[in-house]
Amino acid sequence: MSLLEPIIELGRGLVITMKQALFNPVVTVQYPEVKREVRPRFRGRHVLKRYENGLEKCIGCSLCAAACPSDAIFVEAAENTDEKRFSPGERYASTYEINMMRCIFCGFCEDACPTEAIVLGDNYELSFTNRRDAIYPKEMLLEPVPSADMTTPRKTEANVFTRSVPEMKNPKDWESGDTVKVDT
Amino acid sequence: MADVTLTIDNKQVTVPAGTLVVDAAKRAGLDVPVFCYHPKLEPAGMCRMCLVEIGRPMLDRATGKPVLDEAGEAKIQFMPKLETACTNPVSEGMVVKTQLTSEKARAGQKGTVEFLLTSHPLDCPVCDKGGECALQDLTMAHGPGQSRFLFDEKQRLAKQLPLGELIWLDRERCIQCARCIRFQDDIAGESVLGFEERGRMMQIVSMSEPGFDSIFSGNTTDICPVGALTTSDFRFGARPWELNAAPSICAQCPVGCNLTFNTRREAKADGQIVIKRVMPRQNEQVNEIWMCDKGRFAYHYVESEKRLTRPLMRRDGKLAKVSWKAALDLAAEKLSEHKKNSVTLVSGRLSNEDLYNLNIFAGKTEAILYTDMGGGDLTSLVGVSDGTNIGDMGKGDAILVIASDLYNEAPIWWLRIKAAAERGATLIVAGGRAAKLDRFATFTIRYAYGDEIKTIEDLGGKSKIAEAFRKAENALIFYGSDGLGLAGSTSLAAACANLLKETNHIGRRNNGLVGVWPRVNDQGAWEMGFRPTADLAEALKGKAVYIVGADPAGDDPALAKALKSAKFVVVQDISMTATAELADVILPAQPHTERAGTFTSGERRVQRFYPVVPAFGESRPDFSITAQLARQMGIILEGSSLPIVFDFIAHSLPAFDGLNYDRLAEVTEQWPMVGRGDMYYGGTTYENKDGLGAHLSSAAQRGETFKLPAAKNVKPLRPKEGELLAVPVTQLYDLGNTVASAELLAQRIGAAAISLHPETAGKLGAADGETVKISWNGSQSEVRVRTDEGLAAGVALVPRSFGIALREPMTLTVKPAKKVK
């Protein structure tokens, strides 16, 4: 064994290190100044969606709460009127709370939602300084209104928004022209 | 009836002849899906969901004997098509193949569900029935995964339609099973619903004004197999699976219906556990699976804003919040100080345990029951005996209802007595006015108010009606206080008791006297030894008064005046009443929903209720407050364990002998089976798992010797020229403390009004709906006039608990009120 051998080995090691340091793309993100983009199917903080007209998609059916394996969601419903309308149909969520400390971001609530109102979004910045703050009320979860006149609750035309669940036709079957298969 | 043996899905079943195939299958533990069939209703065969294959033994036409096959067994001939299990009664040797064994039946049922879903909307997420819906359950179990029908051909009908202010209708959800219509026609006897249009356009309509004018309307929401009928009270209250259930007893009338309170922790109520709805709980001997709308919608008083949360004490003329210790110390000190001169006034709203403790507390001092109806001592002697069940009564039995408008005073008894009459029982309805029960009566006796005793005495004589009553195998008498005060009802009870004794209708099951009391536990108060007094104002004047659960000042200004002159007033109640306003010390108590206990029903059935919601504020149960107060005064009472108090009762009162909390919690199998996984069968009524209760024994049943007092014949009050005879009557929905806080019922409660015969009203120049000035016994008031054809001329009905203090029949003068512009 020559004396040079350890030095050569050292050099080899350094070459790998230098290769990694100088030629590989930088993985570290300078958070929080720089925020990392998430994958398309990332499951972050929940968002309660709105229709294009600003009405809330959520109808307060509580199916998300029923599906939730960690009992993180609490919903209470109340009745819509044309004078004071939150969502289409007769029912809206008067209370909607998610306890982010309990949530395991499994996405079952998304699956259970009949109106696609609740969606797990991109936001992963969930930190709190006390337990109470971990409970996100409806105001925090709801998407911002597209424009100021589309806020909820608002007065709507009578007998227009009578149905809670949008009519979902299967577009493929519809186009084919023959028997229409519709989930009952 | 003879038993019939048949085979269902290769299982031998023996059931009474006349049983329907669907019920026979249920008894064998096999479920045939149904929508329109309900075990309490006559079969209609409308929904076609219960399609099964039915085969019957082939009979030789010549001999009439069964044809045998090679193996020597009866040849079975199956019908070429499927039959409905709900309309076919069983027959000997019948073979039934349900969807469990028959592919044909499975296909038939699948097709039925597919048809029903052609127009059913996708409302499950917002539907109050979602989660306890027959259509949901049966679609999951028997329905197809997909529909072959065109989406655009779905029927569009009116949604969110109020059918009256209590019940909502969604016509799209309706599957035209007619359960609600049949319930109203056959069971409630109020045909206010019907169908309009035909075929796919067929829809439910209310045929009454106001809409859905029935006091049993809530039951239709229980038996509706879909979310077509839902209650306003529970509208979007919660999803059914989020609710907790607590068994209880209805505290609105002496029937003692078994209930289940559904509760939930709510953000709207600051995180408190609150009552979301009231559902009936099965007790085939009390309320079957029904309840009235008063019980269902008037429970809101237990969470009213007037509820007392902390003890209050009068300081410088004002009521101030104090600690329990301070309040109890002062109350005990003052009550001890005036010990010889004190009165305990209780009401029938309290439980047996409260009343037992209160009675010992009162000791030798005066203990008064706050009521205007007498005779509870007689119902203890000749009351109904163990095993009594109106549901068993029918042909050969007789039921006499006197001086009681059961429809308003005890709706479920009305319903069950009506059913007994329809089964063939002789129903005798005696009253001073036309009542809703008359329609079902075999004999109707109309007497002039004041002639009640004479009417009963006549029934002891010789007449067709008297004969029918005497000869009846079993006989019950329901007596009440319609048009009577304390004196009148006490005499009436004595007359009834004597009649029962003479005709030998005491001491056996389905025989005896039943008091239609104004409050839930009046019978219990009588059993514990409380008695009403003729002159309550006199009894209260200048005394130290301990009032528990009663509101005399709110009912009668004369009593308020008497209380003002009392030395010291301790009021123990659940909410701030007019009486509490006059108190020196107020002790906040808990209503029955916040604690356990027992009530004794009018039929003398003791039933347990359980805590439903946590205690409100610092309130405490009545029996413990009394025990704490007693301790300060040197009397030792049990104040923490209800079963122990009940054991004391059982040991000291012969009627309660042998009863204890475990015995009251016993349950036996009941038919029909409801409230289990198969909600499509019996509806959403709850199964009874927490006790059917037990009857108290009557003295007659125990074989004791006793002497019945003779009825005092009071000279009937006959008004002079220009006067009317005013009689107090009970209305179902009144302005009493336990009803008025139900906002939903406001429209049905209405304003105070006296009822007159149209002719009498015409003579006085007062038309229906007009306001008049009335004066009686030195008091004056302005009320509206309502005309009623069913009244005798010269009589004015004055509803109780409507602000007109009329405790006995009296003469009254009516003058037109000054016209106000």
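The radius of gyration of chain A is 25 Å, whereas a compact globule of 184 residues would have one near 16 Å. This radius is taken over C-alpha atoms, and the globule rule is 2.2 Å times the number of residues to the power 0.38. Along its principal axes, the C-alpha trace of chain A spans about 95 × 55 × 35 Å.

The model is predicted: local features need pLDDT of at least 70, side-chain atom pairs count only at pLDDT 80 or more, and totals for chains, interfaces and linings use all residues. Residues are numbered from 1 along each chain as its sequence is written, chains are lettered from A and ligands numbered from 1 in the order in which they are written, and side-chain values use heavy atoms, with hydrogens and water left out.

## Chain A

Chain A contains five helices and five strands, arranged from the N terminus as α-β-α-β-β-α-β-β-α-α. Helices (H or I, at least four residues) and strands (E, at least two) are DSSP runs, numbered from the N terminus. Of the 184 residues of chain A, 34% count as buried; buried means under 20% relative accessible area, exposed over 50%, and partly exposed in between, with a 1.4 Å probe and protein chains only.

Contact means heavy atoms within 4.5 Å. Among contacts in chain A between residues at least 6 apart in sequence, 75% join residues at least 24 apart.

Chain A carries 24 positive and 28 negative side chains, and the centres of the two sets lie 3 Å apart. Lys and Arg count as positive and Asp and Glu as negative, while His and the chain ends are not counted. Each charge is placed at NZ of Lys, CZ of Arg, CG of Asp or CD of Glu.

## Backbone geometry in both chains

Most residues other than glycine have a negative phi, and most peptide bonds are trans.

| Site | Backbone angle |
|---|---|
| Tyr31(A) to Pro32(A) | cis peptide bond, omega about 5 degrees |
| Glu209(B) to Pro210(B) | cis peptide bond, omega near 0 degrees |
| Asp71(A) | positive phi, near 55 degrees |
| Asn510(B) | positive phi, near 65 degrees |
| Gly363(B) | positive phi, near 55 degrees |

In chain A, Pro32(A) is placed in the loop between helix 1 (4–23) and strand 1 (46–48), and Asp71(A) in the loop between helix 2 (63–67) and strand 2 (73–79). In chain B, Pro210(B) lies in the loop between strand 10 (203–206) and helix 5 (218–223). Asn510(B) lies in the loop between helix 14 (486–502) and strand 23 (512–515) of chain B, and counts as buried because its relative accessibility is 2%.

The domain assignment of chain B gives domain 1 (3–113), domain 2 (119–231), domain 3 (312–370 + 525–659), domain 4 (376–516) and domain 5 (724–816). Domain bounds come from an automatic or database domain assignment. The C-alpha centres of domain 1 and domain 3 of chain B lie 59 Å apart.

Helix 8 (residues 352–362) of chain B is largely enclosed by the rest of the structure, because nine of its eleven residues are buried. Among them are Leu355(B), Tyr356(B), Leu358(B) and Phe361(B), together with Asn352(B), Glu353(B) and Asp354(B). Gly363(B) follows this helix.

Ala583(B) is located in the loop between helix 19 (578–581) and strand 26 (585–588) of chain B. With 0% relative accessibility, Ala583(B) counts as buried. Leaving aside neighbours within four places in sequence, Ala583(B) is in contact with Arg314(B), Leu319(B), Val569(B) and Val571(B). Its C-alpha atom is separated by 9.4 Å from that of Gln572(B), eleven residues apart along the chain.

Glu114(B) belongs to helix 2 (residues 103–116) of chain B and is buried, with a relative accessible area of 6%. Not counting residues up to four places away in sequence, Glu114(B) touches Pro144(B), Gln146(B), Ser147(B), Arg148(B) and Phe149(B).

Phe599(B) lies in strand 27 (residues 597–600) of chain B and counts as buried at 3% relative accessibility. Phe599(B) and Thr5(B) are 594 residues apart in sequence and, C-alpha to C-alpha, 43 Å apart in space.
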